[in-house]
There are 2 protein chains.
Amino acid sequence: MRLSQEKAREIASLLNYRHSGLVVAVAQDYETNEILMVAYMNREAVEKTLTTGEAHYWSTSRKKLWRKGEESGHVQRVIDFYVDCDADAVLLRVEQVGAACHRGYRSCFYRKVVEGELLICAQKVLEPEEVYGGVSSGRG
Amino acid sequence: MRLSQEKAREIASLLNYRHSGLVVAVAQDYETNEILMVAYMNREAVEKTLTTGEAHYWSTSRKKLWRKGEESGHVQRVIDFYVDCDADAVLLRVEQVGAACHRGYRSCFYRKVVEGELLICAQKVLEPEEVYGGVSSGRG
């Protein structure tokens, strides 16, 4: 998916950035249907995502636009871009390179409640140190 | 999934309610893997969800706790409860009765970008008027 700037701006203008100028974005693996991560997008991130075909987010901790994978190489190629009924959440169906989670798991949702305890339920697919050079405080 | 109050409180205390006291919650159909909706939970909604086994959310528009389906009967039975790396988003794998979307679609993500236009890409599974008696301003 790579839209013209004009088309991307049109789509971006239909969204409702009602939470501090942001929409919620859910990334789902387009092949396995696994939920990879939840993040936020401002209007610029929506436009960049639609024009480049690669997921861009707004980092609420670093207060900056962030191309997913810019540091780690773990980019998300956007296959489909969905909008919810209230237009305040979007769903990206993506092709994920490597791992979505900066902790080395394929998905950020690597923990689940099992018999009343929160347990790790996935295997790491890589070691964060190998990707981020020991710095794993941000998502890559 | 039905935890004791004590266990539910323990799990709820592990989450990071950093966005106005809320975590983001994604509901995914446990059979089809379809993303049904995105909503928010405060700590009470997390505890209620874990103790009752039915999805509860915090309505940011109505400013109240909301048992999904309390009005429509379209409840979500929680099969699995996942937590993400930053503990500020949760993923519910649910058994959805009827439709998740108050507009009558199975999923709230019933629109997607097709050739630069935002188009409806799903069929309604019911008419909202039949469920909400003509009032479809809130999610049910």
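Me: Where in chain B is the place of Ser20(B)?

Reply: Ser20(B) sits in the loop between helix H1 (5-13) and strand S1 (23-29) of chain B. Helices (H or I, at least four residues) and strands (E, at least two) are DSSP runs, numbered from the N terminus. By the way, this is a predicted model, where local features need pLDDT of at least 70, side-chain atom pairs count only at pLDDT 80 or more, and totals for chains, interfaces and linings use all residues. Residues are numbered from 1 along each chain as its sequence is written, while chains are lettered from A and ligands numbered from 1 in the order in which they are written.

Me: Is Ser20(B) buried or exposed, and how do you know?

Reply: Count the C-beta atoms, placed from the backbone, within 10 Å of the residue's own: 20 or more others make it buried, 12 or fewer exposed, and anything in between partly exposed. Ser20(B) has 11 others within 10 Å, so it is exposed.

Me: What is the value of phi in Ser20(B)?

Reply: Phi is near 55 degrees there, a positive value in a residue other than glycine. That's worth a look because most residues other than glycine have a negative phi. Over in chain A, Glu115(A) isn't a glycine either, and has a positive phi of about 50 degrees. Glu115(A) lies in the loop between strand S7 (111-114) and strand S8 (117-120) of chain A.

Me: And is Glu115(A) buried or exposed?

Reply: With 8 other C-beta atoms within 10 Å, Glu115(A) is exposed.

Me: Then what makes Trp66(B) count as buried?

Reply: Trp66(B) has 22 C-beta neighbours inside 10 Å, so it counts as buried. Trp66(B) belongs to strand S4 (residues 64-67) of chain B. Leaving out neighbours within four places in sequence, Trp66(B) is in contact with His56(B), Tyr57(B) and Ser59(B). Being in contact means that the C-beta atoms of two residues, placed from the backbone, lie within 7 Å. Trp66(B) and His56(B) are 10 residues apart along the chain, and their C-alpha atoms are separated by 5.6 Å.

Me: Why is Gln76(A) called buried?

Reply: Gln76(A) has 26 other C-beta atoms within 10 Å, so buried is the word for it. Gln76(A) lies in strand S5 of chain A.

Me: What makes H1(A) oblique to H2(A)?

Reply: Helix H1 (residues 5-13) and helix H2 (residues 43-52) of chain A have axes that come within 9 Å and cross at roughly 135 degrees. Those axes are lines fitted to C-alpha atoms, for helices over the stretch in contact, and angles run from 0 to 180 degrees between N-to-C directions. Under 35 degrees counts as roughly parallel, over 145 as roughly antiparallel, 65 to 115 as roughly perpendicular and the rest as oblique. So H1(A) is oblique to H2(A).

Me: Which residues meet where H1(A) and H2(A) touch?

Reply: Among them, Ala8(A) and Ile11(A) in H1(A) meet residues such as Val46(A) and Leu50(A) in H2(A). By class, that contact divides into 5 nonpolar, 2 polar and 3 charged residues. Here Ala, Val, Leu, Ile, Met, Phe, Trp, Tyr, Cys and Pro count as nonpolar, Asp, Glu, Lys and Arg as charged, and the others, Gly among them, as polar.

Me: What do the buried residues of H2(A) pack against?

Reply: They pack against H1, S2, strand S3 (56-59), strand S4 (64-67) and S5 of chain A. Val46(A) and Leu50(A) are among these buried residues. Just after H2(A), Gly53(A) takes a positive phi of about 80 degrees.

Me: How do you know what relation chains A and B have?

Reply: Chain A can be laid on chain B with an RMSD of 0.0 Å by a turn of 180 degrees and a shift of 0.0 Å along the axis. That is the relation of a two-fold axis. In chain A, the C-alpha nearest the axis belongs to Asn33(A), 3.0 Å from it. The copies are superposed by least squares on the C-alpha atoms of residues with pLDDT of at least 70 in both.

Me: How many residues are in contact between the chains?

Reply: 28 residues of chain A are in contact with 28 residues of chain B. S5(A) gives the most to the side of chain A that touches chain B, with 4 residues. By class, that side has 19 nonpolar, 3 polar and 6 charged residues.
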